[in-house]
Amino acid sequence: MSPVLAVEGLVKHFPILRGVLRRPVAWVRAVDGVSFAIDAGETLCLVGESGCGKSTVARLVLRLEQPTEGSIRLDGTDVTALDERAFAPFRRRVQIVFQDPYASLNPRLKVGQIVGEPLENYEGLRGKALQERVAGLLAKVGLRPEAVGRYPFEFSGGQRQRIGLARALALNPRLIVADEPVSALDVSVQAQVLNLMMDLQEEFGLAYLFVSHDLAVVEHIGHRIAVMYLGEIVEIGPKQAVLDDPRHPYTRALVAAAPVPDPRAKRDALVLEGDVPSPLNPPAGCRFHTRCPFVMARCRQEAPVLREVTPGRRAACHLLDA
Amino acid sequence: MSAAAPILDVQDLRTHFFTQDGVTRAVDGVSFTLAPGETLGIVGESGCGKSVTALSILRLLPPRLSRIVGGRVVFEGADLVTLDEAAMREIRGNRIAMIFQEPMTSLNPVLTIGAQIAEAVRIHQGASRKDALARAVEMLKLVRIPDAERRVGDYPHQFSGGMRQRVMIAMALSCNPRLLLADEPTTALDVTVQKQILRLMLELKERIGSAVILITHDLGVIAETARRVVVMYAGRVVEQAEVTALFDAPLHPYTRGLMASIPRLKHNRAKRLAEIPGIVPDLRTPIPGCAFAPRCPLATGRCREAAPPLEDQGGGHLAACWEAGRA
């Protein structure tokens, strides 16, 4: 059986346009050759720091951006080059939950309209049938039936994220792309939303592409993790392998930098120097070499390729040759 | 606990906001003390009053909208609540400095960073323009900005987020403050940069001998940096303890709920996270009892009627809970 989502060699370069003729003078290499697959019922987490390209990957998968190169397959069908009309039946299979629950719900629509709109558009539901489906969706995400007639401002951040989930679920998608869905929420509410997402996954066999910068959240909800740095995946594999025994120095640094809520915890002393370089002009060779504590001469010239280090886990680092 | 006289003594601080929709009791009876050189963490979720507490200490809140309606903030013997504005200006940026969350909006985009650091030095220490600029370069070196002599003439947009926060730290420490208020100083930064900045801040604080109040929503940051912790909920202090005591044995049901609800790396691999049911109360309505009672698994009738005082539950571990003994 083919995976729900398979992307292969995905590339997205954004032009920087200058002058009267708006000619590109440079390219931001936001995503530069990313490949992965997600099965039904599985959560793949994309982690990395700002500017690593994780949100761009999410937007490409949703076809909110057109890739420069590479392919996107949904259930085995290549949808990369489909025009809007041909893509329409696929669009309902991939839904999104956004980061900011305040900006992602139309303030002028009632919750019933927000959740019902996809059903009207794609299934032509009206009247009682529509009301019943909406009521069922709200119940699924733990909202009371009265929510139907209320406006988004009447809800807290966590409840709004539930509304966003109900809207995403309306068309029975195969894959939900969740871009930092809990990072705007307080921790006590974050737990409610994460638990709900895991329950829904179990019930509907959903696949999640879960974009996050928070490793603890990722460890909780994810099955596999892909670590991105400057537009590339540097390590990908089962979550426990990646987090407990990182093979790429950047993964190790990310794990070491995550604050541990335990004052007695022993911590990895690895600290990275400097900031992430600009994706406008990524470093030659290994893109991480400017910050890597273990850098060698070879790293400055030759870009390492992803290779299998343990079953199901790949990393891109010259140190793995040793 | 330190035997030295506290550098800061906040007693029953109450800061209210007066809006069209009524009075919001953002800070509603907050008390804590801080010893010289100590690092105190204030932790809580959005709207718990942690930032308003810091802004009240420096009296930086909008005067038409808000007022400190009660309590004292005694710093080095003077009550900052009643101090006149001229004396307050002598303290701000000099004896007490502050680092804000957003390094982009808290730096002036049209002034060089050298001019911004030098301003405080000139005003508070009467340094000449030249000496102040030399001090700015010295501070930039201290916060490890490479090529400080050249970068002192750069503008904020020429720096990355982490570098801007280093500039903020340089500016805050330029007058050797006795107290540094850091309000979510690393929340806008990536984790690898957060680690650099927290280390730098604590190292420099030791060197200068400042006390620090670190405000954050992140229990991980608290565990790694603070010596003593104040937990706030709905404008009130619910618990206060040494950091190890707090994480080993949290006493207040809110703190316990908070700790159970955070996913922890390599730890706590339970299938589900514990949830705190419900949402935070509306601070425009007076809360007669314990503010956490509506969400608390241990709440009794008494909790809804009378607010529990913040009391020592043994060994300097304070909690405001009628049921603190019941685990």
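**Exercise 1. At what angle do helix H3 of chain A and helix H5 of chain A pack, and how far apart are their axes?**

Work from the predicted model.

Step 1. Locate the helices. H3 of chain A covers residues 111-123, and H5 of chain A covers residues 157-169.

Step 2. Read the geometry. The angle is about 25°, and the axes are 7 Å apart.

Step 3. Classify. Angles under 35 degrees count as roughly parallel. H3(A) and H5(A) are therefore roughly parallel to each other.

Step 4. Find the touching residues. H3(A) supplies A:Val111, A:Ile114, A:Val115 and A:Pro118. They meet A:Ile163, A:Ala166 and A:Arg167 of H5(A).

Step 5. Sort them by class. The contact has six nonpolar residues, no polar ones and one charged.

**Exercise 2. Which helix of chain B gives the most residues to the side that touches chain A?**

Step 1. Count the contact. In chain B, 37 residues are in contact with 31 residues of chain A.

Step 2. List the elements of chain B that give two or more residues: H6 (161-173), H7 (191-208), H8 (219-225), H9 (243-248) and H10 (253-261).

Step 3. Pick the top contributor. H7(B) gives the most, with seven residues.

**Exercise 3. Describe the overall fold of chain B.**

Step 1. Count the elements. Chain B has 11 helices and 12 strands.

Step 2. Look at burial. Of the 327 residues of chain B, 48% count as buried.

Step 3. Look at sequence separation. Among chain B contacts between residues at least 6 apart in sequence, 65% join residues at least 24 apart.

Key
Residues are numbered from 1 along each chain as its sequence is written. Chains are lettered from A and ligands numbered from 1 in the order in which they are written. This is a predicted model: local features need pLDDT of at least 70, side-chain atom pairs count only at pLDDT 80 or more; totals for chains, interfaces and linings use all residues. Helices (H or I, at least four residues) and strands (E, at least two) are DSSP runs, numbered from the N terminus. A residue is buried if 20 or more other C-beta atoms lie within 10 Å of its own, exposed if 12 or fewer, and partly exposed in between; C-beta atoms are placed from the backbone. Two residues are in contact if their C-beta atoms, placed from the backbone, lie within 7 Å. Axes are lines fitted to C-alpha atoms, for helices over the stretch in contact, and angles run from 0 to 180 degrees between N-to-C directions. Angles under 35 degrees count as roughly parallel, over 145 as roughly antiparallel, 65 to 115 as roughly perpendicular and the rest as oblique. Ala, Val, Leu, Ile, Met, Phe, Trp, Tyr, Cys and Pro count as nonpolar, Asp, Glu, Lys and Arg as charged, and the others, Gly among them, as polar.
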